[in-house]
Amino acid sequence: LLPAGAGPGLLCTAEPCGYTVPPADIFAVGVCIVVMMCSDQLLWQRALLQDRAFAAFRAGGWQALVAAAAVPPPEWAPADLLSSMLRPEPWMRPASGDCLASAWFADLHGAEVPVHPAEEAAGDVIHVGAAAGA
């Protein structure tokens, strides 16, 4: 699904292709966007105030986390969207539809995304926590 010449650390565009999924954890999606934009070195090891990265995040949001790690976010970073997705209180985070309606995804608004039929995906189920070889 990636274009020829795509590789680690290189910017590229690709046509979206997906499948139907249950509601996402908006906070986790926001963390993934920050990691893809900057670095996984930004993240905390434990969600405790004794962890410097987590304390920086709690004190000043994702921007403080990025600043503390001296990894500048790209110019195109969706600052307002990320700030709302990474709110500590789950009830204050936007719904997935609100995230997708943001200006950051404007190029994709109205785009048809092919979806794999459910029958094809049924055999690809991974049972988390199952014993090896069971």
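Of the 134 residues of the protein I am showing this morning, 23% count as buried, where buried means under 20% relative accessible area, exposed means over 50% and partly exposed lies in between, with a 1.4 Å probe and protein chains only. Please keep in mind that this is a predicted model, in which local features need pLDDT of at least 70 and side-chain atom pairs count only at pLDDT 80 or more, while totals for chains, interfaces and linings use all residues. Residues are numbered from 1 along each chain as its sequence is written, and side-chain values use heavy atoms, with hydrogens and water left out.

Let me begin with the overall architecture. The protein has five helices and zero strands, so defined as DSSP runs of H or I with at least four residues for helices and of E with at least two for strands, numbered from the N terminus. Along the sequence this reads as α-α-α-α-α. The exposed surface comes to about 10,000 Å², of which carbon and sulfur atoms supply 60%; these areas come from the Shrake-Rupley method with a 1.4 Å probe, and for residues only the protein chains shown count as cover. As for contacts, meaning heavy atoms within 4.5 Å, if we take those between residues at least 6 apart in sequence, 50% join residues at least 24 apart.

M37 sits in helix α1, residues 26–37, and M37 counts as buried because its relative accessibility is 11%. The C-alpha atoms of M37 and A77 are separated by 7.5 Å, although the two residues are 40 apart along the chain. F57, leaving aside its neighbours within four places in sequence, is in contact with F27, W44, W62, L65 and L86.

Which residues line the largest cavity? They are V31, V34, L43, W44, F57, W62, L65 and L86, and they divide into eight nonpolar, no polar and no charged. Helices α1 and α2, the latter covering 52–68, each supply at least two residues of that lining, with α2 giving the most, at three residues. About 30 Å³ of space lies in this cavity.

Finally, two residues with side chains of another kind. Not counting residues up to four places away in sequence, Q63 touches A79 and S83, and the C-alpha atoms of Q63 and V34, 29 residues apart along the chain, are separated by 9.7 Å.

S102 has its place in the loop between α4, residues 96–100, and α5, residues 118–122. With a relative accessible area of 16%, S102 is buried, and, once residues up to four places away in sequence are set aside, S102 touches L81 and H109.

Conventions. 1 Å grid on protein atoms, 1.4 Å probe; cavity = no way out; pocket = protein on both sides within 12 Å on 5 of 7 lines; lining within 4 Å. Points joined across faces, edges and corners; volume = space filled by probe spheres on them. Nonpolar A, V, L, I, M, F, W, Y, C, P; charged D, E, K, R; others polar.
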